[in-house]
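Here is a short briefing on the charged side-chain pairs in the structure shown below. Have it open beside you as you read.

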Amino acid sequence: MIIGGMIYLVMQALAELAVLYPVNGAFNMYICRFVDPSWGFACGWQYAISWLTVLPFEISAACNIIHYWDGSAGINNSAWIVPLLVALVAIQFFGVRGYGEVEFVLSIIKIIACVGFMILAIIIDCGGVPTDTRGYIGAQYWHAPWTGFLNGFQGFCTVFVTASFAYTGTELTGLAAAETANPKKEIPKASKQVVWRLAIFYIINLFLVGLIVPADSPLYSGEGSSSRHSPFVIAIQLAGIPVLPSIFNAVILISVMSVANSCTFGSTRTLQALAANGMGPNLFAYIDKKGRPVSVIVLQLLFGCLAFINLAPNGGDIFTWLLSLSGLSILFIYGSIALAHIRFRHAWAANGHSVDELPFKAAFGVWGSWVCLIINVLALIAQFYVALYPVGGPNLDPTTFFELYLAGPFLLFLYVIWKAYSWVVRPEDRPLYVKIRDIDIYTGMRDTQLAISGPDVPEEQRQAAIAEIRESEKKKSAKDYVMGVVGSVF
């Protein structure tokens, strides 16, 4: 819930920036402009590499999920890896529209499954399933001998990274801004839906799982496919319901492929934007007539082929180190987006502009971004502690530390590399950060916004535009709020 609140705050900040600056690269470019180019370079490349490395992992996970069904026994994983890779690459060749349409279909399936599970979980908890010998469960798994915090404070600190990784992909709304026909309408709409997605499909579902599945269930560590260890599948198995576990396993497979689809979109757009801004090879900047970053899509395919590594006996060790590059990266990204929003607001005010001019304003303003930044810093500190003193040990072990915290040193390495390069080649990027008075708030601004907040706009014209904005933001009735909620949810 803590990380969910942080996600909502960062999405509000990102929506405000994306509506005002629907530029290629979105939040990576915001970090470069409002914080520091070197820090933006480091965050952008780490973000792209994290998606590149997560893709083969998700493909391997999909293969493992397929092995839930007995009919897949004896079939080599390469028989599943190849068609999955081809399908993912094919989607990317349809551009942002292909990504959006596929996600739309997959999301409908996931929503139906989540809503269905919530109804089923309530029935199971109330003892309404004839095949469930436990009868009425209520909240008994929240009382002794069970505990709300497994492994105490260390366990609590461990969950921050896991929760952040689960929410990864929410920020892709910002990346799509440059390819969206009407970002002023669509980006705020998508960001407002985040709160309902978090509440309904994350928090409520996990709350219900906590009610009907004991934390020490032996099914968590049973033999077989990892999807057998999914709490959703376990909840259905404990209730003794036939067939339904297989159906939900198929939904889990769809969810994994949805993440893989996000991997291809996130990495290709980020790398293309970095290259287009002189922070990557020129080859990656190429876009064909239909707006597709073809060369980066090919690179993504090559990284996807790393899924074949898992066929080797020591493939798991290699994947552990690859994933260690991505585990923490999203915390750095979310914290940097919040910091960019804070510094943008300062630069906006320093140039004589008011918040009333903004076409979309973050719900909690700059204070929400401060809270978001603090949560991310605390989460990074908690993970640093866990890396030194992991649950179950070994304590102060270098191998364990870098497995859990490699993304931190890697980010600093990227930062130093670009700062050293800038010192020689790009003298304007030498300072440790961009001073508020030097921040460029006009380049890349939406054309319609330039007519309101441009550097040469007369004060009378600006005040007239502000009056129009205020008129469009008249107080809503209770009915309007209810219809807005219904529209956001469905």
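A residue counts as buried at under 20% relative accessible area and exposed at over 50%, with partly exposed in between (1.4 Å probe, protein chains only). This is a predicted model, so local features need pLDDT of at least 70, side-chain atom pairs count only at pLDDT 80 or more, and totals for chains, interfaces and linings use all residues. Residues are numbered from 1 along each chain as its sequence is written, and side-chain values use heavy atoms, with hydrogens and water left out.

**Salt bridges overall**
- Side chains of opposite charge can pair when their charged atoms come close.
- A salt bridge here is a side-chain nitrogen of Lys or Arg within 4 Å of a carboxyl oxygen of Asp or Glu.
- The count by this rule is six salt bridges.

**Arg345 and Glu16**
- Arg345 pairs with Glu16 in a salt bridge, with 2.8 Å between the closest N and O atoms.
- Arg345 sits in helix α13 (residues 329-350) and Glu16 in helix α1 (residues 2-20), so the pair links parts 329 residues apart in sequence.
- Helices are DSSP runs (H or I, at least four residues), numbered from the N terminus.
- Glu16 is buried at 1% relative accessibility, and Arg345 is buried at 14%.

**Glu357 and Arg462**
- Glu357 and Arg462 form a salt bridge at 3.9 Å, N to O.
- Glu357 is in the loop between α13 and α14 (365-388) and Arg462 is in helix α18 (residues 459-472), so this pair ties together parts 105 residues apart in sequence.
- Both Glu357 and Arg462 are buried.

**Arg426 and Asp429**
- Arg426 meets Asp429 in a salt bridge at 3.0 Å, N to O.
- Asp429 is buried, with a relative accessible area of 7%.

Definitions and conventions: Helices (H or I, at least four residues) and strands (E, at least two) are DSSP runs, numbered from the N terminus.
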